[in-house]
Amino acid sequence: MATVPALSTSSVLGPFHLVHKPDSPETFLLDSGAPSCQRFVFAAELPDEHALFGATGAAHHDLVMPVEALRQAAVFAARHYFRVPEKRLTVVAEAATGITDVEPWRRTGHRAQIALELDLTPTDMVLGVPRGLVCEAVVSIDGRPCGTASARLVFLTPGIYRGHREAGRRQSEESLARGFGDFGSPGRPEPSRVGHTEPRHVLVGLPVEDDDEVLLFPVDGAAADGILPGEPGELPPVLYLEASRQAGLIACAELYGFAPDRSLLTGWQASFRGFAEPGLPLYCTVSGPRTDGAAAATARDAAGRPTTALTLAFWQGDREVARISASVLQDC
Amino acid sequence: MRFRVLGPVRVAPRTPTAAKPRAVLATLLIQSDKVVSTHTLIDELWGTEPPRTATTTLQVYVSQVRRVLLEGEPDGRQPLITRPPGYLLRVAPDDLDLTVFERLRETGRAAYARRDYAEASRRLREALALWTGPALSGIPHGPTLQTSAIRLDELRAEVLEQGIAAELRLGLHQELVGELMALTREQPLRESLQGHLMVALYRSGRQSEALAVYRRARRSLVDELGVEPSPALRKLQERILTSDPSLTWRPAAPDTPSRTPAPTVPQDAPAVRLPSPLPDFTGRTGELGLGERFLAGTGPVDSRVLAVSGRPGAGKTAFAARLAQAAGDRFPDARVLLTLRDSGGRALSAEAVMAGLLRVLEVPAGPEAAEDLLHARTRGRKMLFVLDDAVSEAQVRPALSVLSDSTVVLTSRHALGALEGVQHLVLDVLNRADAEALLVNCGGTAMSEDPASTAEIARLCGGLPLALRVAAAGLVARPHWTPAELARRLADERGRLAALRLGDLDVRGSLLTAYRDVDADNRHAFRVLGLAPLPDFALWSAGALLAADLPEAERRVEELVRARLLEAVRRPDRLTPVRYGFHSLLRGLALEVLAEESPQQAPPATDRLCRAYATLTRHADGLLAPGRDLMPAASAPPAGLDPAAVVGPAPLRWFQEEAPGLLETVRQAHRAGLWRQCAALASAAGGYYEANALWADWQESHELGLDAAREADDSLAEAVLLRSLADLEWQRHHPGAARDLYRLAWQLFTRSGHRVGAGRCLTGEADVLLGLGRVARAERGYARALSVARTEADPRGEADALRGLALVAQREGRLREALDRLAVCGAAAGRAGDERWRAYAGRRAAAVSALPEAPLASQPLEVRPGVWLFPDA
C-alpha cells in the first residue's frame with residue numbers, strides 16, 4: 001500500500017457547508033454515524049479567480065476543487081462520523097476525478113456554485129472502527145451534474161506508516177545513488193505552456209526527450225511548497241494533480257498540437273504506490289496512446305473536440321510512487 | 001491462452017498499446033521462466049545507441065507491462081518479477097501459444113514416427129491453427145526477437161510440411177492440392193513443398209501438372225539461386241516420368257461395410273400443429289429450464305399440466321410454443337397448440353375447446369360424445385397440448401379431464417389458481433439484459449451500435465417482450481430512424497402506446513383486451529388509479545383516488561393485480577410492506593382510457609389524492625419537526641384517513657418511502673390548478689427535504705408551490721415557501737441568494753402580520769451573516785429574532801435564535817456564554833417538542849465544553865443539525 005498524507009484543512013475551498021444526510025431515526029435525531037455507508041452533500045462557491053494561482057486567465061474551473069472537497073469532507077467524516085482515532089494517519093491510496101460535461105466548468109464571470117453528493121463507505125471494520133473509507137461523489141456546478149470524484153482512504157497506525165516511509169526512502173536513495181533519475185536540468189517551460197502566468201507556479205521542467213514513446217519531466221517539489229496547500233515538510237498531495245495537469249498540457253502540445261490555453265484535464269485517476277519523500281528528486285513520465293498509422297492517437301468527444309488519454313507515473317529513483325491515467329481535452 | 005507470440009504479440013485481456021512495452025513483453029515471453037537481463041532488454045529496444053534515460057524508460061515499460069499482466073491475474077499475483085540482473089516472467093505452460101505449439105509439434109512428430117498418420121495430422125494441424133500471422137509481428141525486433149522470429153517461422157514451416165506429409169500418407173492428396181499450390185506460390189524455393197505438390201497432383205491423376213510444377217520449381221531455383229533442384233526432387237520427377245508404382249497411394253483395407261439400416265416401420269404421421277419457431281426468441285433461460293424439467297417429468301411438482309401466466313404481451317404463447325417445438329422426442333404422437341379465443345377475441349366455451357382439439361387432431365365426427373372421441377384418440381399416446389390464452393378454470397377443466405394421458409401447457413393472463421394438481425409458472429417482463437438482447441436480435445445492427453439508446457428503449461418498453469418486438473420492428477421498417485430517435489418518441493408516456501404500433505403488431509390492442517376482460521367497476525378502478533403517483537403507491541393512495549375505504553380499495557386493487565393490470569410488490573422491510581404499481585405501458589393505457597372514457601373523474605380524484613398526501617405529510621412533518629411549518633391547512637382531510645395509523649411513529653421512514661410520490665403529487669396538483677393544495681403540500685415536505693439535503697426535489701416542489709401560492713394570491717403561503725427556499729440557498733452555501741430570499745419572505749410575513757414568520761426570517765438572515773464572518777451583525781439579528789419569538793411565544797423560533805447566539809458566543813471565544821445559551825436553546829426546543837433540536841443543543845454543549853480556552857475560528861461548526869460550516873482557513 002502506498003499513499004500521500006492527507007491534510008486536515010486547506011484554504012483552497014474557501015468557506016463551505018457539509019451536510020450529513022440521515023438515513024435512520026438515530027442519525028436523524030443524534031447526527032451520529034453508523035458503520036455503514038453515510039451520505040453527505042458538500043456545497044461551496046467557486047472562487048472568481050483560481051484558489052491557488054490567482055488570476056491565471058484560465059477558461060475553466062480546476063479539478064483541484066472537487067478533489068480537495070472530497071478529501072476534506074472524507075477526512076472530517078472519518079473522525080467525526082466513523083470515529084477513526086486521531087492517532088491513526090489518514091492516507092489516500094487512490095483518487096480520481098473527471099469531467100462528464102465540460103460546459104459548466106467554463107468560467108462565466110459569475111460566482112458559480114459547486115456541490116458534491118458524497119457517499120462514504122467504511123471498509124475493513126475492526127471493533128466498529130473502519131481501517132479504510134471508500135468515497136464516491138457526483139460533482140455539480142450550478143445544479144448541473146458535470147463530474148465525478150472518488151478516493152480510497154486508509155487509516156494507518158503510526159508504526160506501519162513509518163515503516164513504509166523509511167523503506168521507500170531507502171529504496172529511492174539507493175537507486176538514486178546508482179544513477180537512476182539523473183537527467184540534468186533541461187530548463188523550465190514558459191508559464192503559458194502550463195496555463196499559468198507566474199513563473200513560480202510552474203512545477204515541471206521541460207521534458208527530457210530521449211525516447212520516442214515516453215517523455216520525462218522533472219517535478220519541482222520544492223517549488224510546490226508554499227504554493228500548494230500541504231503539511232510542513234511533506235510534498236503537497238495536490239502536487240500530483242497539478243504536475244499531471246502541467247506535464248499533460250506540455251505533452252499534448254508537443255505530441256498532438258493542443259493549445260495549452262484551451263486544454264484542460266478532463267480525467268485523472270491516481271493510484272499511489274509509495275510515499276514521495278521531500279528532498280529527493282521527483283520526476284514524472286508521460287506516454288500517450290499509439291495507433292498503427294502515423295497519425296497521433298487523439299480521439300474526439302461527442303462534441304467533436306480532440307481528446308487524448310495519457311499514462312503518467314511519478315518516480316523517485318527507481319521507485320514508482322504514483323501511477324496515473326489522465327485525459328486531456330482541447331475545448332474549442 | 002493469455003499470451004500469443006505466434007502472430008502479432010497479444011496478451012489477454014489487454015495488450016499494451018505502445019510498441020516498445022509489447023517488445024519488452026515479447027522478449028520476456030520468448031524466454032519465459034528465464035531471467036532476461038536488463039542489458040538484453042535495452043539492446044532489444046534501442047540496439048547499440050540507448051538513450052541516457054534507457055534504464056528509467058525501460059522501467060516505465062516494465063511498469064506498463066506489469067499493469068497489463070496484473071489485469072489478467074485473478075489472484076492479483078504479479079507474474080513479472082525482478083530477478084537480478086533483470087526480470088523473469090512466469091508463464092503457465094498452457095498460457096503461452098508457443099509452449100502449446102511446441103508440445104503439439106512434439107506429439108505430432110512422435111505420432112508420425114510410429115506411423116500413426118491420422119494422429120500426426122491432427123496434432124500438427126492443431127499446432128498450425130495457433131498461428132495468427134508471422135511470428136512476433138507488430139513490434140520492433142532487436143537481435144533477440146529477430147532470431148526468435150526466424151526460428152519460429154522455420155518451425156512453423158517444418159510442422160506444416162510434416163502435417164502435409166502425414167495427410168498424403170492418409171490419401172488426402174486431392175484435398176491438399178489447392179493448399180499446396182498456394183503454399184508453393186508463396187514459397188517457390190521450398191523444395192519439400194514443391195515435392196509434396198508433385199505427389200499430390202500425381203496421385204490425383206494430374207501427372208502433367210506434377211511435371212510442370214517441377215519445371216517451374218527448377219526455373220525458380222536456377223533463376224533465383226543459380227542451383228539445380230536437389231537430388232530428392234529430381235528423383236521424384238523421374239519416378240513420376242516412369243509412373244513408379246511405389247508412388248501410387250495404396251489405401252488401407254476397405255472398411256467393414258456398414259450395416260444395412262433396418263427397414264423403417266411406417267407409422268402414423270404425428271399431429272404437429274405449432275407456430276413456426278421464432279428465430280429471435282431471446283432470454284427466458286430459467287423459465288425454459290423449468291418448463292423442460294416439467295416436460296421431462298422431473299419438475300418440482302408431480303403434474304401433467306403446466307399453467308403459464310403473465311401479463312398481455314409477456315410472450316406466453318411464444319414461450320409455450322418454444323417448449324413444444326423442442327419436445328418432439330418426448331411427444332412423438334402429437335404436439336398441438338390451440339388458441340382458446342375465436343377470431344374476434346372472444347373466449348371459446350368449454351365445448352368449443354373440445355371441438356377444437358378434435359379438429360386439430362383430425363378426428364372425424366361420429367355418434368360418440370366429443371369427450372369420448374378425444375379420450376379415445378389420446379389414450380395411451382404421448383401427446384403435448386398447448387392450450388393458449390385461457391380465460392378461466394371452467395373453460396379448460398373439461399378438456400383437462402379428458403386429456404388425462406397427455407401433457408398440457410396452459411397459458412393465461414391471470415393464474416388459474418383453482419385448478420388442482422397444476423404446476424404454475426409466471427412469466428414476468430424480461431430482465432434488462434434479455435430485453436436489450438431481444439432488441440438487438442430483432443432490431444439488427446442499428447440497435448447493437450447504439451447501446452445507450454437500446455437500453456433506454458428497453459426501459460421505456462418496461463421489458464415487455466411484445467413492446468420490445470414492436471419497437472425493434474418499427475426501427476427495421478423505418479431505416480431512416482435511429483434508436484435515439486425511437487427512444488425520444490417513446491419517452492413521452494402519453495404517446496408511447498401510439499408509437500408501439502406496426503401493422504398488426506399493436507401493443508395497445510393487446511393490453512386493451514386485458515382491460516376489457518374485467519368488469520365495469522374494475523375498469524373504473526384501473527382508469528382512476530392511473531393517476532396514482534409513480535413509481536408505486538400504498539393502499540391509502542388507492543383509497544383516496546377511488547373514494548373508497550381501505551378494505552374496498554384493497555379488494556379493487558387485488559382484482560386488478562389478479563387480472564395482471566396492476567402489480568403488487570411486497571417489501572417486508574418497508575413501512576408499507578405491500579405497494580402497488582403499474583407496468584409503465586399499462587399506466588399509459590390507464591391514462592388514455594381515463595381521458596377517453598371518463599375525463600370528468602380525473603379532477604376530483606386528483607383533489608382527493610392531494611388532500612390525502614397533504615394530511616399525511618403535515619402529520620409526518622409535525623412529528624419530524626414540530627412547529628416548523630407555518631402554512632395553514634389548505635383543505636379537509638379525506639374521510640376515513642387516519643394519519644397516525646398510516647405514518648405511525650416513523651415519520652422519517654414514511655417520508656423516505658413516499659418522497660417520489662409526494663413530489664409527483666405536487667406536480668399533479670400544480671397541473672390540475674389545485675393551487676392551495678399544491679402550496680400546502682410543498683411546504684409540508686420542506687422539513688424532510690431540508691433534513692436530507694434533497695436539493696433538487698426541494699427546489700422543484702417549492703418553486704411549483706410558490707407559483708401556486710401566487711396564483712392563489714396567498715401572500716402568507718408565498719412567504720412560507722420563500723423562507724424555505726431561502727433555507728435551501730443557505731444550505732447550498734449561496735449567501736447572496738439566501739439573504740435576498742430571507743428579506744423578501746420577511747417583508748411578506750410582515751405585510752401579512754405574521755410576526756412569528758418574520759422573526760424566523762431574521763434568524764435565517766443572521767445565519768447568512770455568520771457564514772460570511774459578519775459576527776456582530778449576525779448577533780444583532782439573532783437577538784431581534786429571539787425577542788420576537790419570546791413576545792410571540794414561539795418556542796421553536798426561540799430555540800433557533802438561541803442556537804445562533806450560542807454560535808456567535810463560541811466564535812467570539814465566550815464559551816461560558818455559549819454553554820448558557822445552548823442550555824436555554826435545549827429547553828426551548830423541549831417546549832417546542834423537537835427532540836432533534838434538543839439533541840443538537842446537547843451535542844453542541846458537549847462540543848463547546850471540550851474546546852480549549854481560545855478556540856480556533858477556522859474550526860468546523862455544526863451550525864444547524866447535521867449542517868457543518870467550514871469557515872475560510
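Let's start with a pair of helices: α16 (residues 432-443) and α18 (residues 451-460) of chain B pack at an angle of about 115°, and their axes lie 9 Å apart. Keep in mind as you look that this is a predicted model. Why give an angle and a distance? Two packed helices are described by the angle between their axes and the distance between the axes. Angles from 65 to 115 degrees count as roughly perpendicular, and α16(B) and α18(B) are therefore roughly perpendicular to each other. Their crossing is right-handed.

Which residues make the contact? On α16(B), they are Arg432(B), Ala435(B), Glu436(B), Leu439(B) and Val440(B). On α18(B), you will find Thr454(B), Ala455(B), Ile457(B) and Ala458(B). Sorted by class, the contact has 6 nonpolar, 1 polar and 2 charged residues.

Now turn to the sheet. Strands of a sheet pair through backbone hydrogen bonds, either parallel or antiparallel. In chain B, an open sheet of 6 strands shows parallel pairing, and you can follow the strands in the order β6-β8-β9-β10-β7-β11. At the edges sit β6 (271-273) and β11 (422-426) of chain B, each pairing on one side only. Neighbouring strands of this sheet are turned by 20° against each other on average, direction ignored.

For one pair within the sheet, look at β8 (residues 334-339) and β9 (residues 383-390) of chain B, which run in the parallel sense over 6 bridges. Here Ala334(B) stands opposite Met383(B) in β9(B). Helix α11 (residues 285-295) of chain B packs on the sheet, where this helix touches β7 (305-309), β10 (407-412) and β11 of chain B. The direction of α11(B) makes about 165° with that of β11(B).

Definitions and conventions: Residues numbered from 1 in each chain as written. Chains lettered and ligands numbered in written order. Predicted model: local features only at pLDDT ≥ 70, side-chain atom pairs only at ≥ 80, totals over all residues. Pairing = 2+ DSSP bridges. Helix = DSSP H or I, 4+ residues; strand = E, 2+ residues; numbered from the N terminus. Axes fitted to C-alpha atoms, helices over the stretch in contact; angles between N-to-C directions. Contact = placed C-beta atoms within 7 Å. Parallel < 35°, antiparallel > 145°, perpendicular 65-115°, else oblique. Left-handed = near helix turned anticlockwise from the far one by under 90°. Nonpolar A, V, L, I, M, F, W, Y, C, P; charged D, E, K, R; others polar.
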